[in-house]
Amino acid sequence: MQLTIGVLTSGGDAPGMNAVVRSVVRMGVHHGFSVLGFHRGFDGLMRGDFEALGPRSVSNILQRGGTILKTARSEEFETEDGQKKARRVLEEHGVGGLVVIGGDGSFRGAHALFRIWDGRIIGVPATIDNDIYGTDETIGFDTALNTALEAIDRIRDTASAHERLFLVEVMGRDSGFIALNVGTAGGAEEIFVPEVVTDLDACTERLIAARDKGKTMSIIICAEGDDQGGAFATAKELERRTGFEPRVSVLGHIQRGGRPSARDRILATKLGAYAVEAIHDGKTDVMVGEVRGELRATPLEESWTKKKELDRFLLELIPILAR
Ligand code: F6P
């Protein structure tokens, strides 16, 4: 089958996006497809800004963070006019399939396009937040976790040396996957996530009781979207309540950059190739993912309407292990 397919990266970048692009291009060529890489996500799609990609255009990118295609969050594409512009470009260039690499916002866009366009559209979940239903892990999550963990291990050294309370803010506007997992791996005393109402009274009691029992340092991990308004605000309030002099470290975009971990490269490679297989098999309006070791295609809409739950067992374990 002769087919032209497009690929784009959209929303917040995630380590492993390049590995997906490489896999899409080479699997596409394997099937005899022509592949167009659209620049800056849906912005490039609406403007017809693309380059033809062959096996050599994706050499030496497997190990690189960021995305060679660039990325953007496009407000215009949320409008019907924007979506129609994209459809026009796809029709004009004879594109029959499109791989959208990104998170939930990107999949909403992809689903909107599916409604008005005849081609096949497949989502590949890549976001450090891991907040996508239909895959156990999103591409980029493992790398971000390990980046944050390395930082927290370093903070632990100085927290221990100075016998301090530290609040470390990690990314996750609406989800606590990074916070919970890095907090567990880094031995944090408390974890604040958007999914759970924070009990600051109980937290204060635990911190004071731990000090009384000889614990000289503590680390609290706050997801940026927790209900306390971020690490600085929480630190101020805890200082008032405990009399400790906390320090704050906001890890920020460091978590989004860097070389993808082996695990992310493997997941990216599998899902990129599987996305092309899905197009080849005539699938559309689905997101590809891996669930319990098996490749799956989930309706795009379910990727954001259904919720992937945080591990409750881990959440309950944190205060028990912090004593
Ligand atoms: O969606 C990924 C993410 O890194 C979130 O964790 C974070 O809240 C957001 O993107 C930050 O976005 P921006 O880079 O546009 O400020």
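**Loops, a ligand and a buried alanine**

Trainee: Where does Glu163 lie?
Mentor: Glu163 lies in the loop between helix 5 and strand 6 (165-170). Helices and strands here are DSSP runs, numbered from the N terminus, with at least four residues of H or I for a helix and at least two of E for a strand.

Trainee: Before we go on, what kind of model is this?
Mentor: This is a predicted model, in which local features need pLDDT of at least 70 and side-chain atom pairs count only at pLDDT 80 or more, while totals for chains, interfaces and linings use all residues. Residues are numbered from 1 along each chain as its sequence is written, and side-chain values use heavy atoms, with hydrogens and water left out.

Trainee: Thanks! Back to Glu163: what is its phi?
Mentor: Phi of Glu163 is near 55°, a positive value in a residue other than glycine. Most residues other than glycine have a negative phi.

Trainee: And why does Glu163 count as partly exposed?
Mentor: Because its relative accessible area is 47%. Buried means under 20%, exposed means over 50%, and partly exposed is in between, using a 1.4 Å probe and protein chains only.

Trainee: What about Arg292, where is that found and what is its phi?
Mentor: Arg292 is found in the loop between strand 10 (286-291) and strand 11 (294-299). Its phi is near 45°, again positive in a residue other than glycine. Arg292 is exposed because its relative accessible area is 73%.

Trainee: How many residues apart are Arg292 and Asp136 in sequence?
Mentor: They are 156 residues apart in sequence, and their C-alpha atoms are 7.0 Å apart in space.

Trainee: New topic, the ligand. Which residues surround it?
Mentor: Arg73, Ile128, Asp129, Met171, Gly172, Arg173, Glu224, His253 and Arg256. A residue is listed if one of its heavy atoms lies within 4 Å of the molecule.

Trainee: Which polar side-chain atoms lie by an oxygen atom of the ligand?
Mentor: One of His253 is 2.8 Å from a ligand oxygen, and one of Arg173 is 3.5 Å from a ligand oxygen. Gly172 comes in through a backbone N or O atom, 3.3 Å from an oxygen of the ligand. The protein covers 77% of the 400 Å² of accessible area that the ligand has on its own. That area comes from the Shrake-Rupley method with a 1.4 Å probe.

Trainee: Ile128 was on that ligand list. Which residues is Ala144 in contact with?
Mentor: Ile128, Ile178 and Gln255, leaving aside neighbours within four places in sequence. Contact means heavy atoms within 4.5 Å.

Trainee: Is Ala144 buried or exposed?
Mentor: Buried, because its relative accessibility is 0%. Ala144 has its place in helix 5 (residues 141-162).

Trainee: And Tyr133, where does that lie?
Mentor: Tyr133 lies in the loop between strand 5 (120-125) and helix 5. At 29% relative accessibility, Tyr133 counts as partly exposed. Not counting residues up to four places away in sequence, Tyr133 touches Met287, Thr298, Glu302, Ser303, Lys306, Lys307 and Lys308.

Trainee: Last one, Glu76. Which side chains does its side chain make a polar contact with?
Mentor: The side chain of Glu76 makes a polar contact with that of Arg47 at 2.9 Å, and another with that of Lys85 at 2.5 Å. A polar contact is a pair of N or O atoms within 3.5 Å; within protein, one must be able to donate a hydrogen and the other to accept it, and residues adjacent in sequence count only if both atoms are side-chain atoms.

Trainee: Where is the place of Glu76?
Mentor: In the loop between strand 3 (50-53) and helix 3 (80-92). Glu76 counts as partly exposed, at 26% relative accessibility.
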